[in-house]
Amino acid sequence: MVLDVNAFIGKWPYWPVSISSPGDVAQKLPEWGIERACICSTRSLFVNWDDGNIEVGRAAREYPECFIPFACLGTFELSHRVGGHIHDLALCRAQGFRGIRLYPQHHSFHPLFESFVDVICEQAAALRFPVLLSMRAIMNWGVPSLDLSSMFGLIERHPRVPWILSGVNYLHEIRASVAYLKKYETVHLETSCVMGYEAIRKLVEECGHEQILFGSAAPIQHGRANLEKILHARISDIARESICCSNARRLLQL
Amino acid sequence: MMIDAHVHIGKSTRLQIDVDGEHLVRVADEIGFEKICCTDLTALFYDMHEGNRLLYEEMRKFPDRIIGYASLHSTRFGEEALQELERCANDYGMRGLKIYSTPQMTIAEPATIPILEKTVDLGFPILAHATPLECEYLMAAVPECRLMMAHAAAQPYAHGDWNRAIMAAKRYPNLYLETASSTIDTGFLETCVRELGPEKIIFGTDIPLLDPYFQLSKVRDTNVAADGLKKILGGNILRLMGLA
């Protein structure tokens with residue numbers, strides 16, 4: 001069983017990607033060897049996070065065996081504020097979402113200087129609701145990225161949140177992540193952008209396998225290629241299984 | 001036959017690398033690469049003479065497995081660089097050239113032109129870590145040289161823009177794209193093949209910087225036809241190096 005904690009539905013604005021609808025993704029993931037995936041809509045990143053979440057909820061209802069819905073949360077626009085909206089993670093959970101994602105680099109907010117982020121984190125810690133914090137949506141230098149100090153500053157401020165660090169690629173980013181994985185057992189790292197030579201083995205050697213989660217950023221990124229580096233990593237079968245599935249199941253309380 | 005056209009050997013603290021031929025051949029064996037085309041990191045970033053000599057020593061240990069790229073740490077060494085290329089071809093038996101560009105020290109300048117002309121004389125293909133714009137400059141200057149754009153623009157200085165790389169390769173018959181990158185965008189290879197044909201795509205992994213298994217999978221686990229894959233995974237680089 002392979003459970004992917006970082007997949008998408010929706011269109012990709014930067015170049016043509018032929019797989020985008022929930023049906024396309026639900027069909028393609030098993031071909032790549034991925035049975036289940038936590039999804040978010042790219043509409044949430046590029047258009048409106050609320051609208052994207054509606055798509056995700058619908059997709060999860062249509063393909064319950066394949067998709068685990070994550071809600072993407074961002075700033076409230078002026079029109080939201082007039083209505084007095086507030087982020088409510090209990091409501092998210094009641095609606096079927098199993099975690100949330102934050103993409104500050106796509107939503108014009110700084111994670112350390114917006115009070116709503118702290119509100120979200122306090123709720124997530126209380127509810128043990130996983131929060132995926134994205135450094136980059138995919139491994140590409142043309143897409144926006146979050147700086148390292150903001151990412152870890154937020155974790156330091158809210159260490160009880162069940163964090164999923166996402167989009168980490170460069171060696172210094174991985175080293176910093178390792179330090180936080182060692183410091184806080186609540187911090188996890190997903191592998192979608194971990195591309196280095198022997199990187200998975202080194203990660204496991206340095207901080208064990210319990211906090212590492214398979215992520216692909218499929219279908220924008222090639223799901224099978226991303227899985228291959230886990231399948232061929234020089235790690236124990238127990239570690240491999242944990243990374244591919246059981247760590248995520250535990251974190252998501254499945 | 002699978003051949004990896006983009007491999008590094010030697011030492012670089014910046015890149016966190018210290019590997020010899022024995023290590024790389026062992027990795028190649030595990031994956032099933034029959035040959036690996038290597039560039040020495042000392043030659044590429046510090047001293048071409050010392051680094052190319054070190055690579056030659058590794059080539060002698062594994063003559064059937066390691067194909068050498070001559071590397072130049074700068075294109076601004078004039079006649080000295082041309083003589084080094086001659087040495088690498090005639091004394092060391094190397095089969096190509098590796099050059100590296102950064103925004104601070106671009107290779108898209110007149111000093112590079114005699115080097116490109118020399119590669120034409122020697123029959124060397126060039127693996128150029130360069131942006132599409134830089135490659136277009138070089139191809140316009142010496143259209144008969146055979147240039148492989150390392151990473152197909154999927155590298156930081158080119159902002160990962162492989163779509164732009166395809167546009168450049170469409171304009172120049174002798175501009176090829178090499179696949180190694182930490183990007184694994186779905187549809188990358190299919191788009192390259194559709195737009196350029198499989199003859200213009202060269203497989204590489206960039207080991208020991210990048211994991212080779214996802215590099216191979218992003219090429220092999222695609223919709224590209226078997227005969228095209230055969231060219232991409234080895235036939236093309238052998239042809240360019242005159243080894244087919």
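# A tour of chains A and B, starting from the core

Select Ile39(A), Ile100(A), Val131(A), Ala128(B), Leu147(B) and Met149(B): of the 163 residues in the largest nonpolar core, these touch the most other members. A nonpolar core here is a set of buried Ala, Val, Leu, Ile, Met, Phe, Trp, Tyr and Cys residues joined through C-beta atoms within 7 Å. Buried means that 20 or more other C-beta atoms, placed from the backbone, lie within 10 Å of the residue's own; 12 or fewer makes a residue exposed, and anything in between partly exposed. With six residues, β3(A) gives the most to this core.

The model is predicted, so local features need pLDDT of at least 70 and side-chain atom pairs count only at pLDDT 80 or more, while totals for chains, interfaces and linings use all residues. Residues are numbered from 1 along each chain as its sequence is written, and chains are lettered from A and ligands numbered from 1 in the order in which they are written.

**The sheet of chain A**

Next, show the strands of chain A. Eight of them form an open sheet with parallel pairing, in the order β1-β2-β3-β4-β5-β6-β7-β8. Strands (E, at least two residues) and helices (H or I, at least four) are DSSP runs, numbered from the N terminus; two strands pair if DSSP finds at least two bridges between them. At the edges lie β1 (3-9) and β8 (212-213) of chain A, each pairing on one side only.

Now select β3(A). Seven of its seven residues are buried, so this strand is largely enclosed by the rest of the structure. Phe67(A), Pro69(A), Ala71(A) and Leu73(A) point one way, while Ile68(A), Phe70(A) and Cys72(A) point the other way. On one pairing, β3(A) joins β2(A) in the parallel sense over three bridges, with Pro69(A) as the bridge partner of Ile39(A). On another, β3(A) pairs in parallel with β4 (residues 99-102) of chain A over four bridges, and Leu73(A) has Leu102(A) as its partner.

Return to Ile39(A). Leaving aside neighbours within four places in sequence, its contacts include Ala7(A), Ile9(A), Val56(A) and Phe70(A). Contact means that C-beta atoms, placed from the backbone, lie within 7 Å.

Further along, β5 (residues 131-134) and β6 (residues 163-166) of chain A pair in the parallel sense over four bridges. Val131(A) stands opposite Trp163(A).

**Two helices of chain A**

Select α8 (residues 148-157) and α9 (residues 171-183) of chain A, which pack at about 5° with their axes 11 Å apart. That angle makes α8(A) roughly parallel to α9(A), the term for angles under 35 degrees. Axes are lines fitted to C-alpha atoms, for helices over the stretch in contact, and angles run from 0 to 180 degrees between N-to-C directions. The contact is made by Leu148(A), Phe152(A) and Ile155(A) on α8(A), and by Glu173(A), Ala176(A) and Tyr180(A) on α9(A).

**Chain B**

Finally, select β3 (residues 33-40) of chain B, where seven of eight residues are buried. Six bridges join β1 (residues 2-12) of chain B to β3(B) in parallel. For the chain contact, show the 22 residues of chain B that touch 25 residues of chain A. Helix α9 (residues 212-220) of chain B supplies the largest share of the chain B side, four residues.

Technical notes. Angles under 35 degrees count as roughly parallel, over 145 as roughly antiparallel, 65 to 115 as roughly perpendicular and the rest as oblique. Two residues are in contact if their C-beta atoms, placed from the backbone, lie within 7 Å.
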